[in-house]
Amino acid sequence: MTAISMKRAGIIINPVSGGKDKKPVLELIRKHFPRNIDYDIIIWERADQKDEIIRKIQERKYDIVVAAGGDGTINQVAQAIKNTESILGIIPLGSGNGLARHLKIPLDTRKSIELIGNGKVTTIDACTVNDNYFFCTSGIGFDALIGKLFAESKTRGFLTYFKLTFSNFIRYKPLAYTLTIDGKKVDTMAFLVTFANASQYGNNAYIAPQADISDGFIDVVILKPFKFWQVLFIGPKMFNKTLNTSRYVEVYKGQNIQLTRQSPGPVHFDGEPAEMETSIQYHISKGAVRAIVP
């Protein structure tokens, strides 16, 4: 890690992430952003502004680019500065804030703003699923289905996510998958398969408690079929960081991974849903992004 000595920042604000009003955030930025760093504020108001905002980030060559939003906003900003000298800052404003939580960035907005000036710089890995980047997690199976339904929902937040999970859990059927992990073949039936760069989905739900975001490996977590009532034992393990000890869980590490399934279906990456075909490729790039952490 190195200390921060940067002079110019671009702050990208997603006004709808987490369903929260961002006016108080703007006030906190004006009051508490480090005085020795000049900054621009760019409001990301519409999905079709993506190319425009990425172009601004890259053309202006900011020393620091701050993503003020959830994992989806952070994903887009991190992509724009990967393999450059620009440094990623995070003001977590999302529903789950999985990447911020993994990096131990304060969820308190004022503290996360102040961290931009007094934190340290480290490097984090970048992963791809069929050339789509993710920095936290990507999933196939039940969590991908919930990610799709959550994105389509008119409401946000943990309660919405919980309701969708509960209502779809009983009728979901595990599927068959074949994985090739750095040349090793694994055939399995699974409730879900998660590819983790960071340790959690968000909201302190640790799907891969031993994942290291800087080790150059993806943690492949296979949750095998289980009885409905066994969620009473599996669920708590996700929140006390012991899911990897469950007899229904297998964990592998890899750098180049292929997953094959019987039919196309949903996939999520950093919470963003997509439909993909039967063959899916995962890769990791070590140390692709520099980021500010405590």
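A crossing is left-handed if the near helix is turned anticlockwise from the far one by less than a right angle, and right-handed if clockwise. This is a predicted model, in which local features need pLDDT of at least 70, side-chain atom pairs count only at pLDDT 80 or more, and totals for chains, interfaces and linings use all residues. Residues are numbered from 1 along each chain as its sequence is written, and side-chain values use heavy atoms, with hydrogens and water left out.

**View 1. Helix 2 crosses helix 3.** Helix 2 (residues 50-60) passes helix 3 (residues 71-81) in a right-handed crossing. Helices (H or I, at least four residues) and strands (E, at least two) are DSSP runs, numbered from the N terminus. The two helices pack at an angle of about 45°, with axes 9 Å apart. Helix 2 is therefore oblique to helix 3. Axes are lines fitted to C-alpha atoms, for helices over the stretch in contact, and angles run from 0 to 180 degrees between N-to-C directions.

**View 2. Residues meet between helix 2 and helix 3.** Lys50, Ile54, Ile57 and Gln58 come from helix 2. They meet Gln76, Ala80 and Ile81 of helix 3. Contact means heavy atoms within 4.5 Å. The contact residues divide into 4 nonpolar, 2 polar and 1 charged. Ala, Val, Leu, Ile, Met, Phe, Trp, Tyr, Cys and Pro count as nonpolar, Asp, Glu, Lys and Arg as charged, and the others, Gly among them, as polar.

View 3. A pocket is an open set of points on a 1 Å grid over the protein atoms alone, where a 1.4 Å probe fits, with protein on both sides within 12 Å along at least five of seven lines; lining residues have an atom within 4 Å of a point. Of the 13 lining residues, Leu175, Arg261, Pro264, Gly265 and Pro266 are closest to the centre.

Conventions
Angles under 35 degrees count as roughly parallel, over 145 as roughly antiparallel, 65 to 115 as roughly perpendicular and the rest as oblique.
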